[in-house]
Amino acid sequence: MDEDLPPPIDSPSEAPGRFGEFVSLFSRERAALAGLLEPVQHWPRHHVLRHEAAAPSHVYLLTKGWVASSIALASGKQQIVKVHLPGDLMGEASLCLTTTADCLTAMTPIAVRAISKSRLMAVF
């Protein structure tokens, strides 16, 4: 381990979203992630954050409410494939695609913090 690095943040409550449940973050890493987050946006139930087959421009950190991730079926109906809860990062699976793989729709009133794809990729 690099001696110049500060000690990791081990507590889930100290890491953004649920990251702390899966990885220990150093304070510098936590600050870098926090710096990517745009201001909180509040949306009503049924608001579509992102449509399926759109250009992936953001991922979203859900801070309040529930969001459905759905795909279109051949019949024209939507099938929910995942339900996101507060602390979830949404839309990350589509970052490597040219178009988004799913639709993100608010099931309840929600609060999200967007992270632009370009800013996230600049970190990497």
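The paragraphs below go from the whole chain to single residues.

The model is a predicted one, in which local features need pLDDT of at least 70 and side-chain atom pairs count only at pLDDT 80 or more, while totals for chains, interfaces and linings use all residues. Residues are numbered from 1 along each chain as its sequence is written, and side-chain values use heavy atoms, with hydrogens and water left out.

The secondary structure of the protein chain comes to 3 helices and 10 strands, where helices (H or I, at least four residues) and strands (E, at least two) are DSSP runs numbered from the N terminus. Along the sequence these elements follow the pattern β-α-β-α-β-β-β-β-β-β-β-β-α. If contact is taken as heavy atoms within 4.5 Å, then among contacts between residues at least 6 apart in sequence, 66% join residues at least 24 apart. Of the 124 residues, 32% are buried, a term that stands for under 20% relative accessible area, with exposed for over 50% and partly exposed for what lies in between (1.4 Å probe, protein chains only). The chain exposes about 7,500 Å², of which carbon and sulfur atoms supply 60%; such areas come from the Shrake-Rupley method with a 1.4 Å probe, and for residues only the protein chains shown count as cover.

Consider next strands S6 (residues 67–72) and S7 (residues 78–84), which run antiparallel and are joined by 6 bridges, where pairing requires that DSSP finds at least two bridges between two strands. The hairpin of S6 and S7 has 5 residues between the strands, and glycine 76 takes a positive phi near 95° there. Serine 70 has isoleucine 80, in S7, as its bridge partner.

Beyond its neighbours within four places in sequence, histidine 84 is in contact with residues including Leu62, Trp66, Val67, Leu89 and Leu104.

Cysteine 96 is exposed, because its relative accessible area is 69%, whereas cysteine 103 counts as buried because its relative accessibility is 7%. A disulfide is a covalent bond between the sulfur atoms of two cysteines. When a disulfide is taken as a pair of cysteine sulfur atoms within 2.5 Å, the count comes to 0 disulfides.
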